[in-house]
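Have the sequence and the 3D view open side by side.

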Amino acid sequence: MSELAYLSLADAGELIRQKKLSPVEYTTALMERNEAIEPQLHAFIKMTPDLALGAARQAEADIATGNYRGPLHGVPFALKDIIDAAGIATTCHSKIMQNNIAKTDACVTTKLTQGGGVLMGKTATHEFAIGGPSFDLPWPPARNPWDTSRFTGGSSSGSGAAVAAGMVPAALGSDTGGSVRNPASLCGIVGMKPTYGRVSRRGVFPLSYTLDHIGPLTRTVEDNAIMLAAIAGPDTGDPASADAPFTADGEALRAGIKGCRVGVIRRFYQEDFDADPAVASGIENALSLMQALGAETVGIDVPPLQEFAAVNRVILLSEAYAIHEKWLQERPEDYGALCRARISGGAFIRAADYVNATRMRAKLAHAFNECFKDVDVVVTASSMDPPLAIEDAEAMEVSYGRQARAPFNLTGNPALSVPAGFTDDGLPLSIQIIGKPFDEASVYRVAYAYEQAAEWYKKHPTIGVA
Amino acid sequence: MSSINDEAAALRDFATRIGLTKLSENHFGDLERAWQTAQTITRNMPRDLSPADEPAHIYLAGSRQVSG
């Protein structure tokens, strides 16, 4: 069973194409395993076994009659529960929305199901993608499959847990200040925040209109590129979406990194914050391996992380408060305490601060992108700490601001979290690789070369192993 | 002591003015923490912008249409 659970999306898709793997058998095997391990993980808000089996049967029938649709055909996936799937509740992990049945699919849901993907269910999130981990909501928070007493990272927490635990080979999350890359980092998987505009947000409940991104979480870099290719592209329903489809090019992915110039932002994890020593050494080890593969690493300087973080938070909280104001006025008791407290911060931000934050955003984005005159990609930390105890609210609050992901929500550059080893206690470590706008291909190329050499992707949590 | 009470009263007054009239006593504790967080965040904002730096919002008449 663990062979099917940890089959990569690329391998599963190829086996299905060759009719060596039945989508029905694959889906059924994952569903049975998921039911067994879900009580330990709480990765899902809702599993959709009947729909999944129906989609798997349809995929099997289509492929049998020669109507193969591509690498997602017959392959299970999951959606963060802020993403609409017609006929299924989009709860945002909140009492406010628990009876909200989606009337239509989100753009990304349509793209995945039209590609033949099999929706397995909706995954846990922080409440409205900001308030968590919380224990005062209608559903419990997701737990980390590497150690269920630990936090998954968030806010795409269930998507991270489900992919890491082999419940699905791929899931979607959203990322406004790091919410795809954080669970990817802490669950030992790959998470991409694509370029702003690369993926439509239509049908996804917003946290912050100008910072929200949708991206895939997978166990391998190649799988991530396949997922991004499936969901990328323009959409009239999202005015920020760009006319920039993305193609998963296997040859480009495997081109290697000889001669590649890798910029390194050390100030984020050595000066602006002191990263946990295991995190810092994981990054340095990854850079050494990239050098051994032929890349040249060069230190680069950018503005302090605290400047990026403050600008991100001013914009995020202002926009989130605008979205939630009416409910905060009318139903404040229906929010979890953490979500209500975090979003309420937006009530105290002055219009002048919001306007200046948007101006500063442009300036910071320009300053950061200057570095790409000299380098092909940039590497820095993702999380500053390994996964913390999920019930240690105080440590969690401190850790919330200790991350290097928010800068790239501001700048809009593509940013990928990739596994970079484990602590002595067996908890995942990560690095972050950032590219030029709309150059996800270079990010994936560097990440793939590192991943294949380091081989961290071959290690899996022992959850579900008898 | 009186300044703390004044601050709490000002916070309640502000909450009322922005329509947050259904908050419980516990919620006011959360709101006070939210206010402190917002203060910290805005204090950390970089201030080195001149009036002509980076116009924030550029309005384009007519909507940009994308295909697809």
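Accessible areas come from the Shrake-Rupley method with a 1.4 Å probe; for residues, only the protein chains shown count as cover. By that method, chain B has an accessible surface of about 5,000 Å². Carbon and sulfur atoms hold 53% of this surface.

This is a predicted model: local features need pLDDT of at least 70, side-chain atom pairs count only at pLDDT 80 or more, and totals for chains, interfaces and linings use all residues. Residues are numbered from 1 along each chain as its sequence is written, chains are lettered from A and ligands numbered from 1 in the order in which they are written, and side-chain values use heavy atoms, with hydrogens and water left out.

Chain B has two helices and zero strands. Helices (H or I, at least four residues) and strands (E, at least two) are DSSP runs, numbered from the N terminus. Of the 68 residues in chain B, 24% are buried. Buried means under 20% relative accessible area, exposed over 50%, and partly exposed in between (1.4 Å probe, protein chains only).

Now turn to the contact (heavy atoms within 4.5 Å). Chain B brings 32 residues and chain A brings 37. Together they bury about 3,000 Å², 65% of it on carbon and sulfur atoms. Buried area is the accessible area (1.4 Å probe) that two parts lose on being put together, summed over both.

Three salt bridges link the chains. A salt bridge is a side-chain nitrogen of Lys or Arg within 4 Å of a carboxyl oxygen of Asp or Glu. One salt bridge pairs A:Asp353 with B:Arg47, with the closest N and O atoms 3.3 Å apart. On chain B, helix H1 (2–17) and helix H2 (25–43) each supply at least two residues of the side that touches chain A. The largest share of that side, eight residues, comes from H2(B).

Next, the backbone of chain A. Most residues other than glycine have a negative phi, and most peptide bonds are trans. A:His42 is not a glycine, yet has a positive phi of about 55°. It sits in the loop between helix H3 (23–41) and strand E1 (44–47). A:His42 is partly exposed, at 23% relative accessible area. A:Cys92 also is not a glycine and has a positive phi of about 55°. Buried or exposed, which is A:Cys92? At 0% relative accessibility, A:Cys92 is buried.

Finally, the peptide bond from A:Gly132 to A:Pro133 is cis, with omega near 0°. A:Pro133 lies in the loop between strand E3 (118–123) and helix H6 (157–164) of chain A.
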